[in-house]
Amino acid sequence: MAPFRAGFVCLFGRPNVGKSTLLNRLVGEKLAIVSPRPQTTRTRITGIKNGPARQVVFVDTPGLAPARGPLGQLMVRTVQRSLEGVDLVCLLSSADKGPGQVDEDLLKSLAPFRGPVFCCLTKADLVRPKTRLLPLIEAYRRHYPFSEVLPISAVDGTNCDRLLELITAALPEHPAYFPPDTLTDQPETFFVAEVIREKIFRFTHEEIPYACAVRVEELVERPGDARLYIRASIFVEQVSQRGILIGRGGAMLKKIGSAARRELEAFFGIPVYLELKVEVRRNWRRDERALRELGFMLTS
């Protein structure tokens, strides 16, 4: 029998390179929200891939970008700490870049890590012809001693099975860290909040999604009623943002709530009653007390 391998793998890179999409593809479940907008992920998200002889604990991180204000600093700190104590790092970079666009500053951020690093060139499905990938692969190999350089696509699955095989082979022989039916170590309230936030990204524009934070106030299945009751608050920074988020006659908030409820029902497998309210918490992204109350300090 093959030895059992288990370990932690950090998904690392700039904003909008497909870390969350790859996490969802490799784990086989939607755990991280996905948006074409950059810096959708704000906190550390774990996804666990179990198999007959493996347990891979993926750690999805916010995109590494210049820190702006207390929230930005927390996000950078989250990325830095996610490199600590993992067994392997997957550095993600978009495959549609030219060979002269290797992100050397990003490679320098790997300096504290002493384990194996894979380079995953994402969005390979967008590159035609595939021979255009060869100079980029060679450029990355020249800039850093990667254990593997692999073009992948989390959208169509190109090389994702191969990546999982390579990751498994590189992990140490070790017993599982979590029970075999565990998908993540985050609480259900975290994913409820993330689903709501994803719908805000989907239906609102400009600065509105970035000015929103979601806190689940109640999540309970009442005795004798096969329905999940969820009450959540959406915090914005300005009164004008509250008006936009609620919409004329409450239309926007209803649209967000309906889309979130449908996804949550599919996730939990039972009917969901979802109640949303919008509150103003001025400049919460620059308020350390607010960040603590909204749970950001717990994940950084």
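Helix H1 (residues 19-27) is mostly covered, with 7 of its 9 residues buried (under 20% relative accessible area, 1.4 Å probe, protein chains only). Helices (H or I, at least four residues) and strands (E, at least two) are DSSP runs, numbered from the N terminus. The model is predicted: local features need pLDDT of at least 70 and side-chain atom pairs pLDDT 80 or more, while totals for chains, interfaces and linings use all residues. Residues are numbered from 1 along each chain as its sequence is written, and side-chain values use heavy atoms, without hydrogens and water.

The buried residues of H1 are Lys19, Ser20, Leu22, Leu23, Asn24, Leu26 and Val27. Their cover includes S1, strand S2 (45-51), S3, S4 and helix H5 (160-170), with contact taken as heavy atoms within 4.5 Å.

The largest nonpolar core has 31 residues. Such a core is a set of buried Ala, Val, Leu, Ile, Met, Phe, Trp, Tyr and Cys residues joined through side-chain atoms within 4.5 Å. Phe12, Val89, Leu91, Leu110, Val117, Leu121 and Phe146 touch the most other members. Two or more residues each come from strand S1 (5-13), strand S3 (54-60), helix H2 (69-82), strand S4 (88-94), helix H3 (104-108), strand S5 (117-122) and helix H4 (133-143). H4 gives the most, with 5 residues. Not counting residues up to four places away in sequence, the contacts of Phe12 include Lys19, Leu64, Val79, Val89 and Leu110. A second, separate core of 28 residues includes Leu26, Leu31, Val56 and Phe118.

Helix H7 (residues 239-246) packs on helix H8 (residues 251-268) at about 65 degrees, with the axes 5 Å apart. Axes are lines fitted to C-alpha atoms, for helices over the stretch in contact, and angles run from 0 to 180 degrees between N-to-C directions. Ile244, Leu245 and Ile246 of H7 meet Ala251, Met252, Leu253 and Ile256 of H8.

Aromatic pairs number 8 (ring centres of Phe, Tyr and Trp, its six-membered ring, within 6.5 Å; planes under 30 degrees apart are stacked, over 60 edge-to-face, the rest tilted). Phe190 and Phe191 pair edge-to-face, at 5.2 Å centre to centre and 90 degrees between the planes. Both Phe190 and Phe191 are buried. Ring pairs link Phe190, Phe191, Phe267 and Phe268 into a cluster. Arg222 lies over the face of Tyr229, 3.8 Å from the ring centre (the rule asks for NZ of Lys or CZ of Arg within 6 Å of the centre and within 35 degrees of the ring normal).

Technical notes
Buried < 20%, exposed > 50% of the residue type's maximum accessible area, 1.4 Å probe, protein only.
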